[in-house]
Amino acid sequence: MSNTDFVLAVEDLTVSFDGFKAVDNLTFYIDKNELRVVIGPNGAGKTTVLDLICGKTKSTSGSIKFMNKELTKLSEHEIVRAGVGRKFQTPSIYENLSVYQNLEVSYPKGRGVWGSLLFKRTEVVRSQVMKIAAEIMLSDFLEMEAALLSHGQKQWLEIGMLLMQDPELLMLDEPVAGMSAKERDQTADLLNRICQNRAVIVIEHDMEFVKKIAHKVTVLHQGKILAEGPMDKVQADEKVIEVYLGH
Ligand code: ADP
Ligand code: MG
């Protein structure tokens, strides 16, 4: 395929584990500043798709182009450096560090201000930490040990750690699992803000939450796309109701 304006172009992507195709000839495209939600029954291949994009799992065949750069041949580190951030289901924060420190250590090493004085870098990092802390609603918790945060706040902190890298594509696997209703609403607002500056892919089961954030929904089933489009269209789709929403 020639160059495109899509942030992400996944084409004919397949991965097989001992002959079992967890992702089967998948093609989809994500626009700049799009917030895409991926839904589907357990085992549909949702997490595997994110694993393939971030390089944790290597594809059997097919292509993943991120800003026209082929990712399938790159290492996980190179993919992060290219601008892809990925959050796993369980938060991986440093429990014994403060919120401030968690954000600080996530600032990309060797970014931008090299060659200038050390205090200047410190100032740049500090202002970025303050900006991201406000974004993730943790400005009042900067000195708190991360272990003491609520479950929802830990999820936000991990999102903040990814935002410190300023990724062009952010991928989140079931970010509101275990959150209170209020935290879910706040997370929806957070994601709606975040996608103004980048593309976001979210895997989620909570349909009320999906409704609040999705620009488009992709329904996966047995490693293939069952339906794709705006939420109301996907919700009314007979096949989707049969394999997923009806249960
Ligand atoms: P979902 O996130 O939609 O629930 P997954 O992507 O986790 O589904 O898994 C899809 C299928 O692929 C499942 O049957 C799972 O057991 C299988 N699978 C995922 N990763 C591996 C792996 N590394 N090795 C073997 N099988 C895997
Ligand atoms: Mg999963």
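Two strands pair if DSSP finds at least two bridges between them. Helices (H or I, at least four residues) and strands (E, at least two) are DSSP runs, numbered from the N terminus. The model is predicted: local features need pLDDT of at least 70, side-chain atom pairs count only at pLDDT 80 or more, and totals for chains, interfaces and linings use all residues. Residues are numbered from 1 along each chain as its sequence is written, and side-chain values use heavy atoms, with hydrogens and water left out.

**View 1. The four-stranded sheet.** An open sheet is formed by four strands in the order β2-β1-β4-β5, with antiparallel pairing. β2 (20–30) and β5 (69–70) each have a single partner strand and stand at the edges, so one side of each is left without a neighbour in the sheet. Strand β1 (residues 8–17) runs antiparallel to β2, joined to it by seven bridges. L8 has I30 of β2 as its bridge partner. Helix α1 (residues 46–54) packs on this sheet and touches β1, β2 and β4 (61–66). Contact here means heavy atoms within 4.5 Å.

**View 2. The six-stranded sheet.** Six strands in the order β6-β7-β8-β3-β9-β10 form an open sheet with mixed pairing. The edges are held by β6 (84–87) and β10 (224–229), each with a single partner strand, so one side of each is left without a neighbour in the sheet. β6 and strand β7 (residues 169–173) run parallel and are joined by four bridges. G85 stands opposite L170 in β7.

**View 3. The nonpolar cores.** A nonpolar core is a set of buried Ala, Val, Leu, Ile, Met, Phe, Trp, Tyr and Cys residues joined through side-chain atoms within 4.5 Å; buried means under 20% relative accessible area (1.4 Å probe, protein chains only). The largest core has 48 residues, and I39, L103, L157 and V202 have the most contacts inside it. Helix α5 (residues 151–163) gives the most to this core, with six residues. Leaving aside neighbours within four places in sequence, L157 is in contact with residues including I93, L103, I136 and L149. A second, separate core of 30 residues includes V10, L13, A82 and I201.

**View 4. Helices α5 and α6.** The axes (lines fitted to C-alpha atoms over the stretch in contact, with angles from 0 to 180 degrees between N-to-C directions) of α5 and helix α6 (residues 181–194) come within 11 Å and cross at roughly 10°. That makes α5 roughly parallel to α6, a term for angles under 35 degrees. Among the residues making the contact are W156 and I159 of α5 and T187 and L190 of α6.

Key: Chains are lettered from A and ligands numbered from 1 in the order in which they are written. Buried means under 20% relative accessible area, exposed over 50%, partly exposed in between (1.4 Å probe, protein chains only). Angles under 35 degrees count as roughly parallel, over 145 as roughly antiparallel, 65 to 115 as roughly perpendicular and the rest as oblique.
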